[in-house]
Amino acid sequence: MAGFNSSIVLRFAQVGALAASVVFMGASAAQTSDELIAERLKPVGEVCLAGQSCARGGAAPVAAASAAPAAGGEFNVEQAYQQSCNVCHASGMAGAPKLDDTAEWAARLEAKGLETLVANAINGVNAMPPRGMCMTCSDENIAALVEYISGHGQ
Ligand code: HEC
């Protein structure tokens, strides 16, 4: 039952109402969310829109079928920020430090160090969800995002 409810929440999250849902989901649901999102993203990437080529040659190679640009070699920090982090970090929702709040980021960097900020972004901290809901982001990707956000405007 809990899993079913989570998947409903996630469906809304993907449609764009993710900010509010995320906050209420809380950290305990995060592990399940990981798996559910991965499951839900997969079929989307594998849909054959025009009914072409995908029917041939059996299973499509995973890399070619992937709908997750952040999972491959071409990781675009700015794009990933827009997709995963901006929803909270642009507005300062739930106490998220704003992207352009240079002083706030400088203070956090000085107090905790970049490594801790990265670790907190990966694991989540308070209302900050693990990986900022970017389930396709690797640790390296998150590190790049944290550098991007915390160094913005400097
Ligand atoms: C659901 C809203 C939300 C999303 C989405 C989100 N954040 Fe956050 N983030 C927060 C909040 C709230 C905080 C403040 C947490 C605190 O310090 O109490 C925060 C804090 C942080 C911090 C500072 C952590 C620290 O230890 O001071 C980093 C770094 C960060 N976010 C990175 C990211 C990145 C990178 C993404 C996108 C991949 C992201 N966030 C997406 C809400 C969000």
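Read along the sequence, the chain follows the pattern α-α-α-α-α-α-α, that is, seven helices and zero strands. Helices (H or I, at least four residues) and strands (E, at least two) are DSSP runs, numbered from the N terminus. The model is predicted: local features need pLDDT of at least 70, side-chain atom pairs count only at pLDDT 80 or more, and totals for chains, interfaces and linings use all residues. Residues are numbered from 1 along each chain as its sequence is written.

Of the 154 residues in the chain, 23% are buried (20 or more other C-beta atoms within 10 Å of the residue's own; exposed means 12 or fewer, partly exposed in between; C-beta atoms are placed from the backbone). Among contacts with a separation of 6 or more, 60% join residues 24 or more positions apart; two residues are in contact if their C-beta atoms, placed from the backbone, lie within 7 Å.

**Ligand shell**

There are 33 residues around the ligand, and Cys-85, Cys-88, Asn-126, Met-128 and Gly-132 come nearest (near means a C-beta atom, placed from the backbone, within 6 Å).

Helix 4 gives the most to the shell, with five residues. By type, the shell divides into 23 nonpolar, seven polar and three charged residues. Here Ala, Val, Leu, Ile, Met, Phe, Trp, Tyr, Cys and Pro count as nonpolar, Asp, Glu, Lys and Arg as charged, and the others, Gly among them, as polar.

**Core and helix 7**

The largest nonpolar core has 20 residues, and Ala-121, Ile-142, Leu-145, Val-146 and Ile-149 have the most contacts inside it. Such a core is a set of buried Ala, Val, Leu, Ile, Met, Phe, Trp, Tyr and Cys residues joined through C-beta atoms within 7 Å. Helix 4, helix 6 and helix 7 each give two or more residues to this core, and the largest share, five residues, comes from helix 4.

Which residues of helix 7 are buried? They are Asn-141, Ile-142, Leu-145, Val-146, Ile-149 and Ser-150. These residues lie on the same side of helix 7 because they cover an arc of only 155° around the axis, taken from the directions from the helix axis to the C-beta atoms. Their cover includes helix 4, helix 5 and helix 6. Leaving aside neighbours within four places in sequence, Ile-149 is in contact with Tyr-81, Cys-85, His-89, Leu-99 and Trp-105.
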